[in-house]
Amino acid sequence: MSELQQPFLPVKPGTQPAFLHAPYGSSVLRAPQRPLIVVPQTLSELSGPVFGHGAIGTFDNDLTKQHAGEPLGERIIVSGRVLEENGRPVAGALVEVWQANAAGRYLHKRAQHAAPLGPNFSGAGRFLTDEQGFYRFTSIKPGAYPWGNHYNAWRPAHIHFSLFGAGLLTRLVTQMYFPGDPLLPYDPIYNCIDDEQAKQRMISSFDLENTIPDTALAFSYDVILRGRNATPMETHK
Amino acid sequence: MSYPATASQTVGPYFKIGLQYLDSNALCTEAAPGIHITVSGQVFDGDGVPVPDAQLELWQADDLGRFAGHDPSGRGEASDGFVGFARVPVNEHGAFHFSTVYPGSVMAPDVTRQAPHIVVMLSMRGLLKHLYTRIYFAGDALNADDPILTAVPVDRRGTLLAHEEEEGSEQYRMNIHLQGDDETVFFEY
């Protein structure tokens, strides 16, 4: 049996949310109430779709260049690596991102925050990781926005990330937060995980090395996908 | 470096902004070999109210049990016109609908065969991580020995079965209930 037919590692306790997290009101009527049934991983979950460059358009990795003019906001560069739990890079992973604009407004018919929409920002991007698992995109820093979960609730600034690695069980949707955001301690979505380190790994780092003088700040964010029990090929700092 | 997988977070209410470009209601073209079928259903929350903002991501084998894309078994390529993946949104009534071919049987981890099935990954606001379930087909002779279906208590297996809307119609229906007496079976791997 080849390594790729080995099952994925079990989920480490505390590092993933439960379905029901009462402080997050929307989970109450949507989280399953019965225990999930634990079943063996089969070829149906070890296999998975592969997305090629056909899914990616020219400006899909630069959210500031998708319209006639440039969007208002702090220009940022977000880069990092997609790795498996054993540290091995995930090449060719499809990464899809979406976010609010600098005023904290999403371009969505159900978005109700009374903050302005601009003509030059859609807030969606997508790209593939390279052979070493690296990705990079340009955007503007999203704003915080109010939501109805509880009195005076504000979501901390975040960028949604959706990823497909090799195998259906690597599927991950998460949110990237920004360092030093004072709203994080109050956010029930960020705080749905028990493990403090697991929470902090959802926060990007300010990345001086990748800033572009006079042009853009940079943030670094690595994403770890569920992996198999394999010996690391190389060690990364 | 070795860390556990990054924590999942909800797709939230606005995921269409980033994900809609890949929406589809077909897992194959009309040219794909096999018996062409449709599957329809609705997603309901704990109050029995349709969920208007869910998304299903579907994955299945072709009519001969071969996967497109990444297939570690090395069984070879899936048939022409077969994709086997679709991102299917629900509409404002919580309803979904897609077309595909009746899946072939896929090997189980041991030497047995799995009954024809479609893997479903379900995402929505309120779900902090996606749910895995499966669509099986009522009346398929292989269901009785399927290693996953038989791991489910007998009284709940019905939640995983799509039924023909009319006998022989090849139009199947299966609803998804997040909670309640008919709560769909969800899997953990």
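This is a predicted model: local features need pLDDT of at least 70, side-chain atom pairs count only at pLDDT 80 or more; totals for chains, interfaces and linings use all residues.
Which residues does Trp147(A) touch, not counting residues up to four places away in sequence?

**Stop 1: Trp147(A)**

Select Trp147(A), which lies in strand 6 of chain A, a strand formed by residues 145-147. Display the residues in contact with the Trp147(A) selection: Tyr24(A), Ala153(A), Trp154(A), Arg155(A), Asp187(A), Pro188(A) and Ile189(A), with residues up to four places away in sequence left out. Thr58(A) and Trp147(A) are 89 residues apart along the chain, and their C-alpha atoms are separated by 33 Å.

**Stop 2: chain A as a whole**

The chain contains two helices and 12 strands. Followed from the N terminus, its elements read β-α-β-β-β-β-β-β-β-β-α-β-β-β. The radius of gyration of chain A is 19 Å, close to the 18 Å given by the globule rule for 237 residues, so chain A is as compact as a globular protein of that length. Along the principal axes, its C-alpha atoms occupy a box of roughly 55 × 40 × 30 Å.

**Stop 3: chain B as a whole**

Select chain B, where the secondary structure consists of one helix and 10 strands. From the N terminus the order is α-β-β-β-β-β-β-β-β-β-β. With a radius of gyration of 17 Å, close to the 16 Å that the globule rule gives for 189 residues, chain B is as compact as a globular protein of that length. The box filled by its C-alpha atoms, taken along the principal axes, is roughly 50 × 40 × 35 Å.

**Stop 4: the contact between the chains**

Show both chains and select the residues of each that touch the other. The contact involves 86 residues of chain A and 69 residues of chain B. Together the chains bury about 6,900 Å², of which 61% is on carbon and sulfur atoms.

Polar links can be displayed next. There are 39 residue pairs in polar contact between the chains, counting pairs with both residues at pLDDT 80 or more. On the side of chain B that touches chain A, the elements giving two or more residues are helix 1 (16-19), strand 2 (54-59), strand 3 (85-89), strand 5 (117-124), strand 6 (131-137) and strand 10 (187-188) of chain B. The residues of this side comprise 39 nonpolar, 16 polar and 14 charged.

**Stop 5: two details of the contact**

Four salt bridges are counted between chain B and chain A. For one of them, select Glu45(A) and Arg134(B), whose side chains form a salt bridge with an N to O distance of 2.6 Å.

Finally, select strand 1 of chain A (residues 37-38) together with strand 10 of chain B; the two strands pair in the parallel sense over two bridges. Here Ile37(A) stands opposite Phe187(B), which belongs to strand 10 of chain B.

Definitions and conventions: Residues are numbered from 1 along each chain as its sequence is written. Chains are lettered from A and ligands numbered from 1 in the order in which they are written. Side-chain values use heavy atoms; hydrogens and water are left out. Contact means heavy atoms within 4.5 Å. Buried area is the accessible area (1.4 Å probe) that two parts lose on being put together, summed over both. A polar contact is a pair of N or O atoms within 3.5 Å; within protein, one must be able to donate a hydrogen and the other to accept it, and residues adjacent in sequence count only if both atoms are side-chain atoms. Helices (H or I, at least four residues) and strands (E, at least two) are DSSP runs, numbered from the N terminus. Ala, Val, Leu, Ile, Met, Phe, Trp, Tyr, Cys and Pro count as nonpolar, Asp, Glu, Lys and Arg as charged, and the others, Gly among them, as polar. Two strands pair if DSSP finds at least two bridges between them. The radius of gyration is taken over C-alpha atoms; the globule rule is 2.2 Å times the number of residues to the power 0.38.
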